[in-house]
Amino acid sequence: MPEIREYELFEVHEPVSQTIPFVYNSPHSGRIYPPEFIAQSRLEGIAIRRSEDHYVDELFGSAVALGAPLLAANFPRAYLDVNREPYELDPRMFDGLLPPYANVNSLRVAGGLGTIPRIVAENMEIYARRLPVQEGLDRVEAVYKPYHATLRRLIARTHVQFGFGVLIDCHSMPGNVRVAGYTARPDFIIGDRYGTSASAELSRAAIAILEEMGFAAIRNKPYAGGFITEHYGRPSRGLHALQIEVNRAIYVNEVTLEKRADFTAVAEAVTGFMQQMADYVEKFAGDQALAAE
């Protein structure tokens, strides 16, 4: 797949030495679109970018200065989504038969948002015609597997160094998200797979920190976390995974995708959140609820 080798698929931004037991991950902020992919697509310009978590890698970029690594995708989510199982594939998208191990019946596949997405936001079809099956499988081999191998390495290294670890999976959500029972639009949503991917204490601390900063923060509704949160969160082993969704409307113009004047202020607030999370974990690192449940 030479077209995607013209740039680094993803980047690990690392401090000189890791000083906090956190790993930050931005899997959907990639914005380098391979020309061959654009040629396959019926979409172009801003339309193809609707699935991006716009500038989330920049919002959380100060994680490195705080002492944690940040893994960031350069490839776009519309091309391949690493927040899925490796083979959540829609047979309607491909010419030829998918292998028997492909998960063709997941709800995410049905919704057009499998490992190789069929749509971007607002149900806009990406492709003008079907893809060869081998191309889909090649993307998994060339992009998905190396990305997850790197993420596993960062988490394992953190776990070994500190005895436990916290993965923060960083995303953004549309500005029109509303949650039943809440009058305020959420600024942040913390997902822990309904208490299975991280200790309840860690999730509650994240919510409390955000609320103390003046943000509207909600837990698990409507985003409880995807494959990454579910797959890597093992609280019983001292490995915690939280998904954080930032409301795009507070930092980007969702029509033009340009940064708002408040972008720097939001990024500074995110830095403050990350620092307070690190302080919380340092204070309670020996607590059984964090070390293992």
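Helices here are DSSP runs of H or I with at least four residues, and strands are runs of E with at least two, numbered from the N terminus. The model described below is predicted. Its largest nonpolar core has 44 residues, its largest pocket holds about 630 Å³ of space, and a search of the whole structure finds one cavity of 30 Å³ or more.

**Nonpolar cores**

- Tyrosine 251, when residues up to four places away in sequence are not counted, touches His54, Tyr55, Val56, Leu59, Ser172, Val246, Lys259, Arg260, Phe263 and Val266.

- The buried residues of helix 8 are Phe263, Val266, Ala267, Ala269, Val270, Phe273, Met274, Met277, Ala278, Tyr280 and Val281.
- For helix 6, whose 13 residues should span 18 Å at 1.5 Å a residue, the end C-alpha atoms are 18 Å apart, which again agrees with the expectation.
- Leu202, Ser203, Ala205, Ala206, Ile207, Ile209 and Leu210 are buried in helix 6, and just after this helix glycine 214 takes a positive phi of about 100 degrees.

- Leaving aside neighbours within four places in sequence, valine 140 is in contact with Leu80, Pro86, Tyr87, Thr115, Lys145 and Pro146.
- Leucine 70 stands 70 residues from valine 140 along the chain, and the C-alpha atoms of the two are separated by 22 Å.
- Leucine 137 also lies in helix 5 and is buried, with a relative accessible area of 14%.
- Not counting residues up to four places away in sequence, leucine 137 touches Tyr87, Leu89 and Pro99; proline 99 is 38 residues from leucine 137 in sequence, while their C-alpha atoms are 9.3 Å apart in space.

**Largest pocket**

- The largest pocket, with about 630 Å³ of space, is lined by 30 residues, of which Arg77, Arg84, Leu113, Tyr223 and Glu245 lie nearest its centre.
- Helix 4 (107-110), strand 5 (119-120), strand 8 and strand 11 are the elements that give two or more residues to the lining of this pocket, with the largest share, three residues, coming from strand 8.
- By class, the lining of the largest pocket divides into 11 nonpolar, 10 polar and nine charged residues.

**Largest cavity**

- The largest cavity contains about 50 Å³ of space and is lined by Val23, Ile155, Thr158, Gly165, Val166, Leu167, Tyr232, Leu239 and His240.
- Helix 5 (133-162), strand 8 and strand 11 each give two or more residues to this lining, and strand 8 gives the most, with three residues.
- Six nonpolar and three polar residues make up the lining of the largest cavity, which has no charged residues.

**Backbone features in loops**

- Lysine 221 and proline 222 are joined by a cis peptide bond, with omega at about -5 degrees, and proline 222 lies in the loop between strand 10 (217-219) and helix 7 (227-232).
- Asparagine 220 is placed in the loop between strand 10 and helix 7, where its phi is near 70 degrees, a positive value in a residue other than glycine; at 5% relative accessibility, asparagine 220 counts as buried.
- Arginine 193, in the loop between strand 9 and helix 6, has a positive phi of about 55 degrees although it is not a glycine, and at 24% relative accessibility arginine 193 counts as partly exposed.

Definitions and conventions. Residues numbered from 1 in each chain as written. Predicted model: local features only at pLDDT ≥ 70, side-chain atom pairs only at ≥ 80, totals over all residues. Heavy atoms only, no water. Core = buried A, V, L, I, M, F, W, Y, C linked by side-chain atoms within 4.5 Å. Buried < 20%, exposed > 50% of the residue type's maximum accessible area, 1.4 Å probe, protein only. Contact = heavy atoms within 4.5 Å. Expected span 1.5 Å × (residues − 1). 1 Å grid on protein atoms, 1.4 Å probe; cavity = no way out; pocket = protein on both sides within 12 Å on 5 of 7 lines; lining within 4 Å. Points joined across faces, edges and corners; volume = space filled by probe spheres on them. Nonpolar A, V, L, I, M, F, W, Y, C, P; charged D, E, K, R; others polar.
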